[in-house]
Structures are given as structure tokens and as C-alpha cells.
Amino acid sequence: GGGTTPIEVFKVPDEMKFKESTFTTIPEGLDFSNVTDFTETFMNCENLKSVNINTSNAIKFESTFSNCTNLETVGELDCSKLAYINGTVFSNCVNLINLGGFKNIGKSLVGSSFISFARSNGINRESMLNVFEKLYPIDELYQPKRIVITDVVKNGLRDEDIAIATSKRWVIEVV
């Protein structure tokens, strides 16, 4: 048969999901650069501890890391083209500590998008600064976007940290 190149072998189609896989980290060589819809991609991957993937063409995040209860580290996610994100992306990520931030999130978002870390008490200040500093300023023509954090995470932040987000018309909501 006609052989395939390694690039073709590792190309991850939009419909590929890792549901309940036993990976602790995403295997080297998996190429996510063409994936546009990350709906439920890593949902229920309870063994997943760290994620570092190319999301430069991502348009939709929905329940992407939902129920990844051992997920501790998420590297920077390029959200420059992201149009849709919902509150379930990190739902039940109870062990989340390190975030690389979401590059240019807000640049392409439509509707009432928000990011929720409602069950993630362990996120450190450095991670929240990574998030706040990479937020794209929301144009005054659009409604503000929200980030939901726990009171524990909020208590680790300073007023000037939160001002980084609010100055870009992002609302920090505490649960």
C-alpha cells in the first residue's frame, strides 16, 4: 500500500477525542496545529497531569478538560482565533496549579464567553498573572468577558493583579 509520512500519521482529526485515555501527558509528536474544535477532547482523562499543545487554530473550547481531576499544568494555549469558550472547559479540574495563560483570548470571542476555575483552589498567583497578562482587551462595543475563580485563589491575588484584567474589560467573578 501507499506509505504514509509521519506527519500524516500524527495529524489529529477534529473528531478525535482522548476520552478516558490513560495518558499522563500528551504524547510527543501529536500535532494539534490544525484542530479547530477542541470540544471534549480530553474530557474524563483522569490520569492527565500536564498538557502542552498547539492550539493556534482553535475556534471552539467546550468541556475540553472537563473532569481531568489530576490535571496540574496547562501550558500556554493560543486563543487568538478562539470564538467560543464555555464555563465547562476546566470543570472539576480540582488539582490545577500551573497555567501558562491563554494567548490573545478575547480577540475573536463572540457572545457571553467566560472561563471558569470554580473547582480549582490550587491555582497559584503566577498562573493567574499569566492568564491576566495575556487577555485581549475587550472592545467597548462588546459585553465584558468573565473569569470565574474561587475565593481561595482570589485571596492569593493583589488588587493590582486583578486590575490587569479589569482594565481590559474582563470581569473577575469569585465563587
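Colleague: Where is Ile59 found?

Modeller: Ile59 sits in the loop between strand E1 (50-51) and strand E2 (60-61), where strands (E, at least two residues) and helices (H or I, at least four) are DSSP runs numbered from the N terminus. This is a predicted model, in which local features need pLDDT of at least 70 and side-chain atom pairs count only at pLDDT 80 or more, while totals for chains, interfaces and linings use all residues. Residues are numbered from 1 along each chain as its sequence is written, and side-chain values use heavy atoms, with hydrogens and water left out.

Colleague: Is Ile59 buried, partly exposed or exposed?

Modeller: Buried means under 20% relative accessible area, exposed means over 50%, and partly exposed lies in between (1.4 Å probe, protein chains only); Ile59 counts as partly exposed because its relative accessibility is 37%.

Colleague: How many salt bridges does the count come to?

Modeller: Side chains of opposite charge can pair when their charged atoms come close. A salt bridge is a side-chain nitrogen of Lys or Arg within 4 Å of a carboxyl oxygen of Asp or Glu, and by this rule the count comes to 5. One of them joins the side chains of Lys60 and Glu62, at 3.4 Å from N to O.

Colleague: Which residue forms a salt bridge with Asp78?

Modeller: Lys103 does, with the closest N and O atoms 3.9 Å apart. Lys103 lies in strand E7 (residues 102-103) and Asp78 in strand E4, so the pair ties together parts that are 25 residues apart in sequence. Lys103 is partly exposed at 35% relative accessibility, whereas Asp78 is buried at 16%.
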